[in-house]
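I opened my notebook to record, entry by entry, what I looked up in this model.

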Amino acid sequence: MPVTAAVISGLQRLVLYETRARYFLVGSNQAQTSHRVLKIDRTEPRDLVIIDDKHVYSQQEVRELLGRLDLGNRTKMGQKGSSGLSRAVSAFGLVGFVRFLEGYYIVLITKRRKVADIGGHSIYKIEDTNMIYIPNDSVRATHPDEARYVRIFQNVDLSSNFYFSYSYDLSHSLQYNMCVLRAPYEGVEGEVEATTTSKQDSFDIFEDEGLPTQVVNGVRNEPYGKYVWNCRLFDKVKETLHPDWLLYIIHGFCGQSKLLIYGRPVHVSLIARRSSRFAGTRFLKRGANCEGDVANEVETEQIIHDASVMSFTAGSYSSYVQVRGSVPLYWSQDISTMMPKPPIRLDQADPYAHVAGLHFDQMLRRFGSPIIILNLVKKREKRKHERILSDELYPAVLNLNQFLPPEHAIDYIAWDMARYTKSKLCNVLDRLSMIAENVVKRTGFFVNRSDFHCHRLRPDERWRDLGGRLTSTGRLQTGVLRTNCVDCLDRTNTAQFMVGKCALAYQLYALGMIDKPKLQFDTDCVRLFEELYEDHGDTLSLQYGGSQLVHRVKTYRKIAPWTQHSKDIMQTLSRYYSNAFSDADRQDAINLFLQVYQTGENKPHLWELPTDFYLHQSNTLSLLQDRRSYTYWWSEGVLSYLPLPYDDVPCDENRKNVTVKRVNRFDESIDTYTEFYKPYELTSFDDTFCISMTNSAREFMPKTVGVDPSPFTVRKPEETAKSVLGKSSKDEAVLHRKTAASAPPPPSEEAVSSSSEDDSEEDREDDASASQRSTPIKLIESGDSVRAQEDIPPQPMKEPYGLDLTEPLGDDDLITYHRFAHLGQNQHKVEKSDHPAEYRIPDHIINLAPVSYFSSDSIYEVCVPRVCAESQELFEAHVHASHGSIRSLCREDMLMYREYIKNRYM
């Protein structure tokens, strides 16, 4: 049993009961064995009065409490009706409390859906919420503008890409969460909280035995406020409520798919965390604010998990993090001209790169060094537009680097991806692969286990040069790649996909899944990963730009179908409409939800403000008391731990963000096994999340006989499982289309359009020529397809099997077979002597060195396993128990039985 475990929230099911004077919010854990009660006063018209009952109720006690409340709130004894205690709503979590011009509202999660699982910790997506007004109608102080504020607040659709977890901190990376679990907490003063017990709980039927209780440290850490979207909604009650009531949510994307490697499940997860600071829509939020927070900042983390073992301590996990965000300068675009590409303007002069220094200081604290900037904006333009940003960013990086140690300097990579795409002889993805290889080698990645024996037996030259920090328990990622273009949407998503694909190869190699850190296109693994990244890019693009991606990975591979061109035009029009007509309302809703704007009696209304510039730039409303040095622009203590991220170091400042309580090893608050498998519920195997998630074997692997089931085998474009399933339907038209390979096109072909989200009209002319090169789609009616299938002769046996078994075997086939059999024998140093002399192959024909150092371990013979005396005694005890003879209980058995009795019945 691990000495440290993450604390699971004890409030996962909520029921709101109401009376005329109060709301009673009753929360329970998943098994409904422990309950807490929150009392909310309804007689206060404007204030929020909440009483958190610190007592933990059992199921019987909470039923008795609700019965007494129902009886006490009836107008007459024995009367039943609305005057007593009534059930208002059932929920799965509390989002927070908010007030506009009247009283407070409570926001509850009423529907959820599981979307991912990481080490037994479930991640849920919010499907529906309920916003309930707290004060009673008799004391309600009405205001004419209250309904308008409610509509603006509800414009933030909480059912669209908001996620939460009861036991896993989504605001931090996997590397941080596992470093917190591994940090030593023994002997730390002022951090360990003993769990309080009642008189009934303190009774011990084994107190005469004098047996010690096994203790586990339950760890709960503070979330990273930058990526939490409901922090401000808990400001009023955070100090008074128990931490289990506070359910923090993130905004962005979360997806998970299952990669089957010869039946071995590997979960591929993609989590994107959108920053809640300087958040907004495309043209209304550009650049950075005075605190170094940039627009459209998203942290993307890919997690690879060997799903055959669930726990964090015994399982194999790996993660890689990269970031996207707007150029950290004071710049904006004027949308009043109603132009598709408003001109870029620099709002403030920043000769000492003060705002860029604040931004990169945040990144050094969270990710360590090196910070690598991949700038994809255009360099050459007829009219200077995007180049304005590059001309300002590069001098800012040079200014900051002159004060940093050379080994921790910020790396700057500028590459005009749009111009490179238009070249006839260049392949964009090949260049991105070279950049990705260099980046991953420098930053490394996180893995929680040491290298396998096969890595030392058959070393790869790229594995030796891998960066990051090597530890006794694995590897740590040090540094991060920061990718940006103008909008950080289309070009950025493709670049991040290529970096993620390179990192995925290293992660699978580190977990022992592949023999070299290299993945090819058109394999089931890469197709699954590409589909995840396209969903990820579409979701982030809808949140910031108002439409899905315009250019995708297939566009840069130059294999996009001709119908994609019309879809790109529709997405461009949708993005323009959203930016011109609906972004202002969305921006007001985000400002109100994040409490950037707070209502007041003597303040102008939100819709009366000409701009929200002053809401996000705090230095415009007050004079700065402390101005950071232009030379020492980083926070204190950051440089002393580089290249490690300061937030991951177990220093005194970071320990203040972690709360540790000592609990019993069988306590429900740390029992991940019971939380995941739910043995107290009747569940159906077909309804489990593991069955319903995207599966590489079901979704991508061809269904024809004789195909290599490996997800790392290169397939033809028409061999995917989706195309096979589509062809089997007689009701739908059959699509006959062949796409080009991933290699670059010949020089005679036209180039596709640029990936830039802001490409000019003349750039889009190339799209038409690219679309004309694709083979048109031929539609066949269902009746014709049936007749065509009848005319097709039966498939010969040689095509799927490579050999016609009905014909006698030739000498060449027999020799090939015997060589294959001899290869398997010689590889394990075992020679079978019962072959006939005429079929025995001389040793000098094939003589390979063995790949294993085991003396005797093959398909013909194995070493006898060594069994210790303790295991033999345990096995004998089980055999004797089956015959009716039970041995006397030892000290450990008494301890286990005592803990079972206490946790089950007391």
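How many bridges join β4 to strand β5 (residues 50-57)? I found 5 bridges there, and the two strands run antiparallel. Strands here are DSSP runs of E with at least two residues, helices are runs of H or I with at least four, and both are numbered from the N terminus; two strands count as paired if DSSP finds at least two bridges between them.

Before going on, I noted that this is a predicted model, in which local features need pLDDT of at least 70 and side-chain atom pairs count only at pLDDT 80 or more, while totals for chains, interfaces and linings use all residues. Residues are numbered from 1 along each chain as its sequence is written, and side-chain values use heavy atoms, leaving out hydrogens and water.

**Entry on β4.** I looked up the partner of H35 and found Y57 in β5. Strand β3 (residues 22-28) also runs antiparallel to β4, joined by 7 bridges, and G27 stands opposite R36 in β4. The hairpin of β3 and β4 has 6 residues between the strands, where Q32 takes a positive phi near 55°. Of the 7 residues in β4 (residues 35-41), 6 are buried, meaning under 20% relative accessible area with a 1.4 Å probe, protein chains only.

**Entry on the core.** I then turned to the largest nonpolar core, which has 55 residues, with F445 among those having the most contacts inside it; such a core is a set of buried Ala, Val, Leu, Ile, Met, Phe, Trp, Tyr and Cys residues joined through side-chain atoms within 4.5 Å. Helix α11 (490-510) is one of the elements giving two or more residues to this core, and α11 gives the most, with 12 residues.

How values were computed. Buried < 20%, exposed > 50% of the residue type's maximum accessible area, 1.4 Å probe, protein only.
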